[in-house]
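Subject: Structure handover

Hello,

Here is the structure for you to look at.

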Amino acid sequence: MDLVRRHGWDLTPAEAVALQRQLAAEVVADRPLALDAVRLVAGVDVSVKNDRSHAAIVVATYPDFRVVETVTALMPTPFPYVPGLLSFREGPVLEEAFGRLQAEPDVFLFDGMGTAHPRRIGIASHMGLWLQRPTIGVGKTRLCGRNAPLDEEKGAHQPLIDRAETIGAVVRTRKAKHPLFISPGHLADIPTSVALVLACAPKFRLPEPIRLAHKAAGAFS
């Protein structure tokens with residue numbers, strides 16, 4: 001699929017932070033998803049092992065999650081691990097994988113953050129600017145923000161708040177299991193992002209497209 005290539009990846013951490021602050025102003029995080037029109041959902045994940053990054057994108061039908069396309073890409077990991085700068089570590093290999101994608105997903109679910117990020121531009125938001133399609137961040141652990149206590153039942157959710165701003169939601173996708181940290185990436189909003197993630201997680205903690213992508217990304221050759 002076509003990407004809008006916004007910048008090169010050969011940056012220092014300080015340059016990366018400055019670029020994030022510039023790009024964050026372009027992120028649209030208040031546009032409801034047209035959930036009734038969603039037919040294809042992509043899960044996006046990257047696995048890193050021995051300084052190699054393996055990206056996987058799995059496109060599945062919605063709401064029955066039949067896989068229609070899986071693409072992968074493998075390259076040396078180009079950027080150190082720095083909290084808050086995941087997109088510069090995973091972006092290059094994702095760029096290559098997205099370039100191989102033939103399907104046209106309606107929404108992309110990323111294993112990582114959207115606006116639930118100190119500078120409001122996690123990997124789902126950052127790559128959303130390249131994709132120019134709706135993206136959602138699905139974080140497994142908290143990067144920033146606080147929330148009120150969460151009920152144990154599936155579907156329970158609370159606003160995720162950082163510096164008096166609601167940046168996402170903490171969502172229980174499976175009863176009595178650790179919650180996920182859901183936030184819009186780009187061209188989405190919090191309520192419909194939460195609704196879609198819950199609909200994509202009928203059985204497991206992780207939404208099915210991300211679960212499939214995680215399995216594919218972990219299958220190093």
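First, the ground rules. This is a predicted model, where local features need pLDDT of at least 70, side-chain atom pairs count only at pLDDT 80 or more, and totals for chains, interfaces and linings use all residues. Residues are numbered from 1 along each chain as its sequence is written, and side-chain values use heavy atoms, with hydrogens and water left out.

Helix H2

Start with H2, residues 86–100. Helices (H or I, at least four residues) and strands (E, at least two) are DSSP runs, numbered from the N terminus. H2 has 15 residues and spans 22 Å from its first C-alpha to its last. That is close to the expected 21 Å, where the expected span is 1.5 Å times one less than the number of residues.

Where does H2 bend? The bend is at Pro92, by about 40°. The angle is taken between axes fitted to the seven residues ending there and the seven starting there.

H2 is mostly covered, with 11 of its 15 residues buried. Buried means under 20% relative accessible area, exposed over 50%, and partly exposed in between (1.4 Å probe, protein chains only). Among the buried residues are Phe88, Arg89, Glu90, Pro92, Leu94 and Phe98. The cover over the buried residues of H2 includes helices H1 (13–24) and H3 (123–131). It also includes strands S1 (40–49), S2 (52–61), S3 (67–76) and S4 (107–111).

Pocket and cavity

A cavity is a set of points where a 1.4 Å probe fits but cannot get out. A pocket is an open set with protein on both sides within 12 Å along at least five of seven lines. Lining residues have an atom within 4 Å of a point. Grid points are joined across faces, edges and corners, and a volume is the space filled by probe spheres set on the points.

The largest pocket holds about 490 Å³. Its lining has 24 residues. Nearest its centre lie Leu86, Asp111, Gly112, Met113 and Thr141. H2 gives the most to this lining, with 4 residues. S1 and H2 each supply at least two. By type, the lining of the largest pocket has 9 nonpolar, 9 polar and 6 charged residues. Here Ala, Val, Leu, Ile, Met, Phe, Trp, Tyr, Cys and Pro count as nonpolar, Asp, Glu, Lys and Arg as charged, and the others, Gly among them, as polar.

There is 1 cavity of 30 Å³ or more. The largest cavity has a volume of about 30 Å³. Which residues line the largest cavity? They are Val44, Asp45, Val46, Glu90, Leu94, Phe110, Asp111 and Ile123. S1 supplies the largest share, 3 residues. S1, H2 and S4 each give at least two. This lining divides into 5 nonpolar, no polar and 3 charged residues.

Arg6 sits in the segment before H1. Arg6 is partly exposed, at 30% relative accessible area. Leaving aside neighbours within four places in sequence, Arg6 is in contact (heavy atoms within 4.5 Å) with Leu23, Glu26, Leu129 and Trp130. Arg6 and Leu23 are 17 residues apart in sequence and 9.3 Å apart in space, C-alpha to C-alpha.

Val194 is in helix H4 (residues 190–199). Is Val194 buried or exposed? Val194 counts as buried because its relative accessibility is 6%. With neighbours within four places in sequence set aside, its contacts are His157, Ala169, Val171 and Ile182. The buried residues of H4 are Thr192, Ser193, Val194, Leu196 and Val197. What covers them includes S4 and strands S5 (135–139), S6 (157–162), S7 (165–171) and S8 (180–186).

Backbone details

Tyr62 and Pro63 are joined by a cis peptide bond, with omega about 15°. Pro63 is in the loop between S2 and S3.

Asp51 is not a glycine, yet has a positive phi of about 60°. Asp51 lies in the loop between S1 and S2 and is exposed, with a relative accessible area of 59%. Ala176 also has a positive phi, near 65°. Ala176 is in the loop between S7 and S8.

Best wishes
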